[in-house]
Structure formats: structure tokens, C-alpha cells
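Work through the exercises below with the sequence and the model side by side. Try each task yourself before reading its solution.

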Amino acid sequence: MPIIARNSPSHRYVQYSTSQGAYDDYDIHYHEYYELYYFVEGDAEYMVEGKVYHMTPHSLLLLSPYSFHGVKVCSDAPYTRYFIYFSPEIFPPQQRELLLSCFPENQKNTSQEVFYEHTENYNLLFYLENLVASQKQPPEIRTQYFDIYTSALLAQINLMGQALRPSPV
């Protein structure tokens, strides 16, 4: 599983990877930080808080801290994805609430979406590719790029979520 970029101090981490090989079961776990999972291709299911989502190309999962989740790869087809971990402290306090508003606070008791399919019209892949590429910069600016590109990605996801929510009647 090749790692294209990694930046882990203070819960900053991004990975793009492709692997092959089916898993028999879900590897259920949780994190103390936020996770954004973008599915590119393969045959996989993702379980979040007991609910199973069949991943389709360009689908997105938004995982709040402490939400139980896990992936099950269903075949030997190439399984390609991006995922990002981060803590809320990477964002300036005046932007934090807005940027994190796309994540459900408690995924068991909310109507807010955790799963989006067919996100290709919202150019999320553009932001993800640039985030990964930015992590090849010198170490002294890598963290700044991570924060900037993650902020831009979350702003785009917020706009996407607003566009996809039904209008109030």
C-alpha cells in the first residue's frame, strides 16, 4: 500500500493508496480526531455506527471523532482511496465552527449526512490531489499547506452539502 504523502504531527495526516485483497470482516475502530474518507475505486463497504454504506466511485464519508467505523473490501479488485485525519485545532478559532459544520456531532442522533455519493461535480478530487502534492514541499512549510488545503477542501464540502440539502418548504 504506497503512501504518497504523510504529515502526522498534531493529528495531521493524509494518505492516498491503492491495495488489493478482500477482507472477511470490518475492522471496526474509532479515532480521537476527524476523518475524511474519499473512495476512488474498488469493491468496498464502509460501516459507520452500525450502518453499512456501499462505496461507489467518488463517494465521501465524513467521520466525527469517536464514531465507530470500519471498511470491508469485498473483492480482489484494486481498492483506491484518500483519507485525511486532523484535529480541530489546526484551524483558526474564528473559522473552526464553519469548517467543521459539515461533520455530524453525534452520528447516531443526527439527520446530517455522513455519506455522499457522486461528488465528482464538486471537484473534491482536485483538492485532495493538491493536498497530497503539497505534502512533498519542504518540512518547514508542509504543515501550513496541509492546513490551507484541508480548509479549502472542507469549505468546498460545506458548499456541496448546502447544494445537496433539500430546500426548506
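**Exercise 1.** Which residue is the bridge partner of Glu-45 in E6?

*Solution.* The model is predicted, so local features need pLDDT of at least 70 and side-chain atom pairs count only at pLDDT 80 or more, while totals for chains, interfaces and linings use all residues. Residues are numbered from 1 along each chain as its sequence is written, and side-chain values use heavy atoms, with hydrogens and water left out. Strands (E, at least two residues) are DSSP runs, numbered from the N terminus. The partner of Glu-45 in E6 is Lys-72. This bridge belongs to the antiparallel pairing of E3 with strand E6 (residues 69–73), which extends over five bridges; two strands pair if DSSP finds at least two bridges between them.

**Exercise 2.** Describe how E3 and E4 are joined.

*Solution.* Begin with the pairing: E3 and strand E4 (residues 51–54) run antiparallel over four bridges. Finally, look at the hairpin, where two residues lie between the strands and Glu-49 takes a positive phi near 50°.

**Exercise 3.** In what order do the three strands form the open sheet?

*Solution.* The order is E4-E3-E6, with antiparallel pairing. E4 and E6 are the edge strands, as each pairs on one side only. Neighbouring strands are turned by 20° against each other on average, direction ignored, where axes are lines fitted to C-alpha atoms and angles run from 0 to 180 degrees between N-to-C directions.
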